[in-house]
Amino acid sequence: MPVTEPDDLRARLDAARSVCVLTGSGISAESGLPTFRGVGGLWRTHRVEELASPRGFARDPRLVWTWYGERRRAHMSVQPSPAHVALAEIERRVPDFTLATQNVDSLHILAGSRNVLELHGKMREAKCTRCDARRPFDDAFDLDALEHDCGGMWRPDIVWFGESLPPAVLEAAFDAARRAELMLVVGTSGIVQPAASLATKRCTRAYVVEINPEETALTPHADRSIRARASDVLPQLAR
Ligand code: APR
């Protein structure tokens, strides 16, 4: 059901010289990927501390890689949603556009978005626990060869609970939020920090618009909260 999007949002978008977008797993739900905390969400069906923590990895790296292997195959089996595509189109119209995503599925990049900050890492790469070397996490990745030459271990390039975000990526996201005249918050429950702070204390001058079928922790901070799915709103804004 199309959402009658007031033209003022389109007018704000057309007038904005600087736009920042924060996305979460809700935007990929429409591509067929599970969210984390929704019905059937990953953290409802799996134990975070076992699969997404340094301690879990140290305890059983093979289990962790097997789980990420399943997720990677799921990511490879889906396409960007109309909402991912719409954001790539909107980017082309805005002089200063930054897309900060919590998603590790690369669907924004696949949709054609260029200025993408991957706050929580990326599934398509592995990194060494000791020397930080990188390599692709692809079909050639061998679960029986997890040791790196330097003596470290290959681990998913994902930010796990209790870990810091990549400093340069986080700083660039804070800068983009500070510059933004319009902040779009799409498909996130807004409970994980510091990502959620982009839509609260970091975007001091922006008009904040949330797009989510449900109320979230960020709703009270939004100037406007649209109860709708991402693909019911963003393609209209991109048109
Ligand atoms: N369009 C827009 N929003 C949607 C849609 C949709 N079609 N479907 C679901 N949502 C919303 C849900 O209402 C919910 O608010 O997406 C949100 C998903 O929230 P979470 O499952 O908490 O996922 P997310 O916010 O991405 O989690 C943040 O937590 O587990 C960590 O590192 C992980 O990046 C992740 C972070």
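This is a predicted model: local features need pLDDT of at least 70, side-chain atom pairs count only at pLDDT 80 or more; totals for chains, interfaces and linings use all residues.
Where is Pro-194 found? Pro-194 sits in the loop between strand 7 (182–186) and strand 8 (207–211).

**The overall fold**

Let's start with the whole chain. The protein has ten helices and nine strands. Along the principal axes, its C-alpha atoms fill a box of roughly 55 × 35 × 30 Å. How does the radius of gyration agree with that of a compact globule? With 239 residues, a compact globule would have a radius of gyration near 18 Å, and because the protein has 18 Å, the two agree.

**Around the ligand**

Now turn to the ligand. The space it takes is the largest pocket.

| Protein residue | Protein atom | Ligand atom | Distance |
|---|---|---|---|
| Phe-36 | backbone N or O | oxygen | 2.9 Å |
| Gln-102 | backbone N or O | oxygen | 3.2 Å |
| Ala-230 | polar backbone atom | nitrogen | 2.9 Å |

How much of the ligand does the protein bury? Taken alone, the ligand exposes 740 Å², and the protein buries 90% of that.

**Backbone details in the loops**

Finally, let's look at some backbone angles. Most residues other than glycine have a negative phi, and most peptide bonds are trans.

Which residue has a phi near 60°? That is Ser-106, a residue other than glycine with a positive value. You can find Ser-106 in the loop between strand 2 (96–101) and helix 8 (107–110).

Asp-132 also has a positive phi, near 65°, and is a residue other than glycine. To locate Asp-132, look in the loop between strand 4 (121–128) and strand 5 (134–136).

Technical notes. Residues are numbered from 1 along each chain as its sequence is written. Side-chain values use heavy atoms; hydrogens and water are left out. A polar contact is a pair of N or O atoms within 3.5 Å; within protein, one must be able to donate a hydrogen and the other to accept it, and residues adjacent in sequence count only if both atoms are side-chain atoms. Accessible areas come from the Shrake-Rupley method with a 1.4 Å probe; for residues, only the protein chains shown count as cover. On a 1 Å grid over the protein atoms alone, a cavity is a set of points where a 1.4 Å probe fits but cannot get out, and a pocket is an open set with protein on both sides within 12 Å along at least five of seven lines; lining residues have an atom within 4 Å of a point. A molecule sits in a cavity or pocket if more than half of its atoms lie within 2 Å of its grid points. Helices (H or I, at least four residues) and strands (E, at least two) are DSSP runs, numbered from the N terminus. The radius of gyration is taken over C-alpha atoms; the globule rule is 2.2 Å times the number of residues to the power 0.38.
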